[in-house]
Amino acid sequence: MSAIGVFGGTFDPVHLGHLRVAWECMEQAGLQRVHMIPAATPPHRREPVADGVTRAALLRAALAGQDRLVLDERELRRGGVSYMVDTLLDLRAELPRAPLCLILGTDAFLGLERWHQWERIPELAHLVVAHRPGWTLNGASRLAQLLDERRAPGPEALHDAPAGRILTLEVTQLDISASRIRRLIRQGREPRYLIPERVWNLIERHGLYGHRKTA
Ligand code: ATP
């Protein structure tokens with residue numbers, strides 16, 4: 001049964017850090033595809049700057065030309081606060097036996113204990129933790145213990161169970177964040193080469209994130 005990746009985020013806007021992490025996890029873990037799932041209202045942070053329709057449109061533009069990373073709008077359709085546990089339950093109902101692999105950057109993994117019903121998450125999916133610049137896994141005691149108990153020796157271990165293992169992966173380190181991109185745009189600078197060109201074209205055309213055309 002093919003393993004499926006799940007990559008949730010605010011994607012406000014999507015950037016090359018997100019895309020490269022999803023792509024490398026897909027390749028390294030042997031995932032058939034990765035569902036890129038923008039949150040409606042994220043539980044642990046301020047409301048996104050761009051609305052869901054806009055964030056999905058940017059993501060759709062970013063994903064054009066390939067079919068291994070796919071836009072999945074289920075959280076936007078569901079509306080309200082987007083809890084990953086609900087999303088995984090929904091995917092699990094569609095794919096009762098497939099290995100589901102929730103991809104998280106190190107920062108997101110370190111915040112896992114704050115997630116709604118977080119203890120259910122490793123029962124519903126494997127975790128694939130991709131190293132993110134500036135963050136280290138040491139010292140997070142309860143999560144370190146979870147990692148010890150469930151660590152997958154390699155990607156193969158994700159394929160013979162539907163959920164429950166944790167794989168850590170080294171991926172290309174791209175120190176890019178959506179907040180920095182929004183800040184650059186507000187300051188009148190261009191975040192070229194940090195986001196896909198198609199995404200930048202849409203931001204410029206529609207004046208998103210406070211972008212103002214210079215004459
Ligand atoms: P913001 O700066 O607005 O907080 P962000 O860039 O962290 O946004 P999110 O949409 O909040 O992006 O992140 C979604 C997921 O992507 C999280 O699991 C996060 O760890 C991961 N992620 C985002 N950027 C990177 C990156 N550069 N390297 C590795 N993981 C990343």
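## Salt bridge between E73 and R60

E73 and R60 form a salt bridge whose closest N and O atoms are 3.2 Å apart. The two residues sit in distant parts of the chain, 13 residues apart: E73 is in the loop between β3 (69-71) and α3 (74-78), and R60 is in helix α2 (residues 52-63). A salt bridge here is a side-chain nitrogen of Lys or Arg within 4 Å of a carboxyl oxygen of Asp or Glu. Helices (H or I, at least four residues) and strands (E, at least two) are DSSP runs, numbered from the N terminus. E73 is partly exposed at 27% relative accessibility, and R60 is partly exposed at 44%. For these classes, buried means under 20% relative accessible area, exposed over 50%, and partly exposed in between (1.4 Å probe, protein chains only).

## Basis of the values

The model is predicted: local features need pLDDT of at least 70, side-chain atom pairs count only at pLDDT 80 or more, and totals for chains, interfaces and linings use all residues. Residues are numbered from 1 along each chain as its sequence is written, and side-chain values use heavy atoms, with hydrogens and water left out.

## Other salt bridges

A search of the whole structure finds twelve salt bridges. One of them joins the side chains of R20 and E24, with an N to O distance of 2.6 Å. R20 and E24 are four residues apart in helix α1 (residues 16-29), so about one helical turn separates them. R20 is partly exposed, with a relative accessible area of 35%, whereas E24 is buried at 8%.

The side chains of E123 and R150 also meet in a salt bridge, at 2.9 Å from N to O. This pair links distant parts of the chain, with E123 in helix α6 (residues 121-124) and R150 in helix α7 (residues 141-150), 27 residues apart. E123 is exposed, with a relative accessible area of 54%, and R150 is partly exposed at 22%. Elsewhere, salt bridges link D72, R74, D90 and E94 in a network.

## Helix α1

The 14 residues of α1 should span 20 Å at 1.5 Å a residue, and the end C-alpha atoms are 19 Å apart, which agrees. The expected span of a helix is 1.5 Å times one less than its number of residues.

Buried residues in α1 are G17, H18, L19, V21, A22, E24, C25, M26 and A29. Just after α1, G30 takes a positive phi of about 70°.

## The loop between β1 and α1

F11 lies in the loop between β1 and α1. Its phi is near 50°, a positive value in a residue other than glycine. F11 is buried, with a relative accessible area of 1%. P13 is placed in the loop between β1 (4-9) and α1, and a cis peptide bond with omega of about 0° joins D12 and P13.

The structure holds one aromatic pair. The ring centres of F7 and F11 are 5.9 Å apart and the ring planes are at 75°, so the pair is edge-to-face. Rings of Phe, Tyr and Trp (its six-membered ring) pair if their centres lie within 6.5 Å; planes under 30 degrees apart count as stacked, over 60 as edge-to-face and the rest as tilted. F7 and F11 are both buried.

## Positive phi at Y209

Y209 is not a glycine, but has a positive phi of about 55°. Y209 lies in the segment after α9 (197-206). With 8% relative accessibility, Y209 is classed as buried.

## Ligand surroundings

The ligand is surrounded by 21 residues, of which the closest are R45, D107, L174, A178 and S179. A residue counts as near if one of its heavy atoms lies within 4 Å of the molecule.

Oxygen atoms of the ligand lie 2.9 Å from a polar side-chain atom of H18 and 2.8 Å from a polar side-chain atom of R45. A polar backbone atom of A178 is 2.8 Å from an oxygen atom of the ligand. Taken alone, the ligand exposes 610 Å², and the protein buries 90% of that. Accessible areas come from the Shrake-Rupley method with a 1.4 Å probe; for residues, only the protein chains shown count as cover.

How values were computed: A polar contact is a pair of N or O atoms within 3.5 Å; within protein, one must be able to donate a hydrogen and the other to accept it, and residues adjacent in sequence count only if both atoms are side-chain atoms.
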